[in-house]
Amino acid sequence: MSTPQEIIAILQLHRFPLTSEKQCQAAIAKALEDAGTAFDREYRLGEDDIPDFRIGSAFIEVKVGGSKSAIFRQCKRYCRYEEVTDLILASNIAIGLPATVNGKSLWLLQLGRGWL
Amino acid sequence: MTQTTYGQLIYSKGKWELAAVPPHVAIRLKSNFQRIPKTSTAPYSLTDTPDICADLHWFIQRYPVEISVPDMKRLTNGKRSFEAMRDHVERILLPDYQPPAFSGFRDGLAPYPNQLQAIEVSRARGRLLLMDDVGLGKTVTALGAINEGRYLPAAIVVEPHLATQWRDDFVAKFTTLKCHVIKGMKPYSLPSADVYIFRYSNIAGWVDIFAQGIFRSVIFDEIQQLRHGPSTAKGAAAQILAHHAGTLRMGLSATPIFNYGDEIFPIIELIEPGALGARDEFIREWCSGSGNGKYVVKDPDALGTYLREQHLVLRRVRSGRPINTIVHEVPFDQEVADSAADLANTLALKVMTGSFVERGQAARELDMLARQITGVAKARHVAAYVRILLESGIPVLLAGWHREVYDIWLKELGQFNPVMYTGTESPAAKDRAKAAFTAGETNLLIISLRSGAGLDGLQKRCYTAVLGELDWSPKVHEQLIGRLDRPGQESEVTAIYLPTNGGSDPLIIGVLGLKASQSRGITDPLAGVKQVYSDESRIKLLAQQYLKARAA
């Protein structure tokens, strides 16, 4: 099972399309597949809480746009669930995140870095 | 039996107008022709281009319209012209294409097969944005394309410092064409020549000459210089030149899009006016607003494949050695940043509350200040990283932007005798700095991110670029690294980015990612996700050696 650091290390070396969230998600799925990482797409934590990827107890939410406060609220919601130990926000938005929320680790994958 | 019709289609003054269209057909029409505003009512108008003719011709098969015989003939001719051009260019681009015999270059010199293909494509269409990678010979292709009587005299517009290089290293070397480099902005009686070389900095003075239509063809080298369109003096002059040089119009650039994808519009407008419709049609069809009056292309790959289908663009990529790209986060000195916070607060207030002019000015100053503070707050850490390389004897090209940042680097790395190649140095001082670096008198050349365009020779001495500050345009970084990754480089090039998790860097990285992603979609549609080559092992080894030496 991959750790959040390993997942970030894999994904950080890719240039994902950043105009459309759907295309970005599809590209991330392909990168995870190519790396041999098993994952679920759109795992349903609750009625409206559906992170884009689940890799064991680490979840990935992809955001290429949107307001910082809305993104953070969504992250906090996901961190309420017991299944979640780590949440990786894969985003192109310049956002600061606390290290933990509700005892769950929060990680930021800066999608723009891959394009440097 | 009378055929049911769904409105009228009329040609008028360069536009196709659809009138009396029933509501359900209007919905279909708008969903097929995105450039028609969703909120508009009949008559609906579309700029007349061959591909619009082809699409409209197809649409009226399903929804027949009343159309006059001459208009139907015009529509059909437009459709046929689109199909004939597409078929012709596709034949040229087949791998087994045999180009016609080429003559016109000096004895023993001839374009390569890939260049001959591009020459034929440009001549077939009379217009081409050639986006081939650096090293594939865009210059030779362009010279080959105009090297025939019907394209002469030709105007070639180049970056100011490359005019004599074009004359001596390309026109004179490859062709027997007579060449004249234009001096200054004030028109004078032009000597007889085949090729006239203008600089982007002087074309604005020559518009009256352009309007006389004496140039049959035009080549815009590094056409991204015109990405701001006719709102600039050089853009307006280029438009007049292009308009009157109708036989062949070519743009050359491996990196036509510097920022957001909408920059392709003014560039295509020079090559083939109206090809993307009017600007408002282009915005509606392809873009969404990103704030600040800027537009992001919604689906860059789709725009890229569309331009390819029109054969207005051609791009071939070089399969070269990948750049070793290392992104290493350095610390951010908060106390350094805090010391500038008061000024930043004042500017921020003006951005929010000032008059229109004040707001614009303050926003620009705030952006400059934020970047400067970021650069200063990490400058010592950048210098520390560079020190590790220098102490191992590795020549380094260190790129930045702000004088205040250079001052810190000069102080921290003074023992390595750095030389400078920035906006502050005179051309002679820059030449001396380059000579000292290439001769091995120093291992550290500090360069401004935007000063190195066209700079050649560093690749023989250096293979490591450190980007100590970030630019807003990804193409500026690419061009900077291109100083080292160019013919003559014998080692693997390493590009080291040193961003920090504070100040403006996170924001800039996000913007850079979006811009680069837009550009890649348009220039290399459907190329898939690229994996970055990043090998830190050598740098880590150097760091270990450095620490060991320090401890000893």
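**View 1. Salt bridge between Glu329(B) and Arg113(A).** Glu329(B) pairs with Arg113(A) in a salt bridge, with the closest N and O atoms 3.6 Å apart. The rule asks for a side-chain nitrogen of Lys or Arg within 4 Å of a carboxyl oxygen of Asp or Glu. It finds 1 salt bridge across the interface of chain B and chain A. The model is predicted: local features need pLDDT of at least 70, side-chain atom pairs count only at pLDDT 80 or more, and totals for chains, interfaces and linings use all residues. Residues are numbered from 1 along each chain as its sequence is written, chains are lettered from A and ligands numbered from 1 in the order in which they are written, and side-chain values use heavy atoms, leaving out hydrogens and water.

**View 2. The contact between the two chains.** Chain B brings 26 residues and chain A brings 17 residues (contact: heavy atoms within 4.5 Å). About 1,900 Å² is buried between them, 63% of it from carbon and sulfur atoms. Buried area is the accessible area (1.4 Å probe) that two parts lose on being put together, summed over both. Ile509(B), Val529(B) and Val532(B) supply 26% of what chain B buries against chain A, more than any other three residues.

View 3. Strand S1 (residues 14-15) of chain A and S19(B) run antiparallel, joined by 2 bridges. Strands (E, at least two residues) are DSSP runs, numbered from the N terminus. Two strands pair if DSSP finds at least two bridges between them. His14(A) has Gln531(B) as its bridge partner in S19(B).

Methods
Helices (H or I, at least four residues) and strands (E, at least two) are DSSP runs, numbered from the N terminus.
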